[in-house]
Amino acid sequence: DTAEALQQYGLSTIGFTTLILDDCWQNISRDSEGFLHANPRVFPRGMAWLAKEMKQRSPKLTLGLYTTPGRFTCMKRPASEGHEQQD
């Protein structure tokens with residue numbers, strides 16, 4: 001809905017071309033190999049599906065995911081410290 005609103009209100013034509021998901025998009029812990037995954041309650045189909053769906057509906061927009069260089073985000077979700085290359 002937000003991606004479609006960016007286009008509907010003309011925001012994408014004036015430079016708003018990236019939709020960034022803020023904190024809590026990710027699950028509460030990394031998987032056994034250290035990868036981040038989407039919170040399954042909020043994004044049951046995952047980020048790959050969301051990005052593909054968004055690209056089909058709004059081809060000029062890109063999807064960004066928030067993280068921080070520390071151990072945890074402000075909402076105590078796993079962040080990128082020690083996983084910079086992996087993330």
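For the residue classes used below, Ala, Val, Leu, Ile, Met, Phe, Trp, Tyr, Cys and Pro count as nonpolar, Asp, Glu, Lys and Arg as charged, and the others, Gly among them, as polar. The model described here is predicted, so local features need pLDDT of at least 70 and side-chain atom pairs count only at pLDDT 80 or more, while totals for chains, interfaces and linings use all residues. Residues are numbered from 1 along each chain as its sequence is written, and side-chain values use heavy atoms, with hydrogens and water left out.

**Overall layout**

- The protein has 2 helices and 2 strands, which follow the order α-β-α-β from the N terminus on; helices (H or I, at least four residues) and strands (E, at least two) are DSSP runs, numbered from the N terminus.
- The C-alpha trace spans about 40 × 25 × 20 Å along its principal axes.
- Of the 87 residues of the protein, 29% count as buried, where buried means under 20% relative accessible area, exposed over 50%, and partly exposed in between, with a 1.4 Å probe and protein chains only.
- Among contacts (heavy atoms within 4.5 Å) between residues at least 6 apart in sequence, 53% join residues at least 24 apart.

**Nonpolar cores**

- The largest nonpolar core is made up of 6 residues, L21, W25, L36, A38, F43 and M47; such a core is a set of buried Ala, Val, Leu, Ile, Met, Phe, Trp, Tyr and Cys residues joined through side-chain atoms within 4.5 Å.
- Apart from this core lies another, of 5 residues, including A3, L6, L19 and L61.
- When neighbours within four places in sequence are left aside, M47 is in contact with L21, W25 and A38, and also with L63 and L65.

**Pockets**

- The largest pocket holds about 240 Å³ of space. On a 1 Å grid over the protein atoms alone, a pocket is an open set of points where a 1.4 Å probe fits, with protein on both sides within 12 Å along at least five of seven lines, and lining residues have an atom within 4 Å of a point. Grid points are joined across faces, edges and corners, and a volume is the space filled by probe spheres set on the points.
- Of the 13 residues that line the largest pocket, D1, T2, A3, L50 and M54 are the closest to its centre.
- At least two lining residues of the largest pocket come from each of α1 (2-8), β1 (18-21) and α2 (46-57), and α2 gives the most, with 5 residues.
- The lining of the largest pocket comprises 8 nonpolar, 1 polar and 4 charged residues.
- The second largest pocket, with about 160 Å³ of space, is lined by W25, F35, L36, L65, Y66, T67, S80, Q86 and D87, which divide into 5 nonpolar, 3 polar and 1 charged.

**Cysteines and a loop serine**

- The structure holds 0 disulfides, a disulfide being a pair of cysteine sulfur atoms within 2.5 Å.
- The sulfur of C24 is 7.4 Å from its closest cysteine sulfur, that of C74, and is therefore too far away for a bond.
- C24 counts as partly exposed at 23% relative accessibility, whereas C74 is exposed, with a relative accessible area of 60%.
- S12, which lies in the loop between α1 and β1, is buried because its relative accessible area is 15%.
- With neighbours within four places in sequence left aside, S12 is in contact with L6, Q7, T17 and L61.
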